[in-house]
Amino acid sequence: MLELARDCEGTDDRVKEMAALDILDSRPDRAAVARGFEQVDAGCWADSGDVVVYADRTYTFPGTQADVAAHYRTAAVRDGWVPDPEALPGNVCFTREDMALWIVFLTAERLAEDGHGSRPDLTTGAGYSVSIDSYGGAEASC
């Protein structure tokens, strides 16, 4: 991985690399890409000298959060991700190299905070995002 400066300059290749990670396209049967989230959301942000490259994919799923978690616990490990032993109970989080992979379950409150308004399709069943953060060479943790 390229050594990142204190801003996002020069991170375009890393952003593309992360957006293409296979785990972002893995999903349980009956899960669908959420309307309005057809593309992987990938980019970079820098704050106080910390540079983070990220990629997210959002899905709707008519099943339970437990079904989603079970799918990713299998798929992520098969893809080379390691469950973080320090993750809090109930968190679905893995690490690989300098990246952290989170499964984030969506709520009406979280969607409103992110400017997506009311989305019953994402809060009924188990709407969720697959989120990956890369910390510019630093060891990742959950």
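Predicted model: local features only at pLDDT ≥ 70, side-chain atom pairs only at ≥ 80, totals over all residues.

Colleague: How many disulfides does the structure hold?

Modeller: There are two disulfides, a disulfide being a pair of cysteine sulfur atoms within 2.5 Å.

Colleague: Which residue is joined to C8?

Modeller: C8 is bonded to C44, with an S to S distance of 2.0 Å. C8 sits in the segment before helix 1 (12-19) and C44 in strand 2 (residues 41-47), so the bond ties together parts 36 residues apart in sequence. Helices (H or I, at least four residues) and strands (E, at least two) are DSSP runs, numbered from the N terminus.

Colleague: What is the handedness of the C8 and C44 link?

Modeller: The link of C8 and C44 is left-handed, with -80 degrees about the S-S bond.

Colleague: And the other one: where do C93 and C142 lie?

Modeller: C93 and C142 form a disulfide with sulfur atoms 1.6 Å apart. C93 belongs to strand 5 (residues 92-96) and C142 to the segment after strand 7 (128-134), 49 residues apart.

Colleague: Is C93 buried or exposed?

Modeller: C93 is buried, at 4% relative accessible area, whereas C142 is partly exposed at 27%. Buried means under 20% relative accessible area, exposed over 50%, and partly exposed in between (1.4 Å probe, protein chains only).

How values were computed
Residues numbered from 1 in each chain as written. Heavy atoms only, no water.
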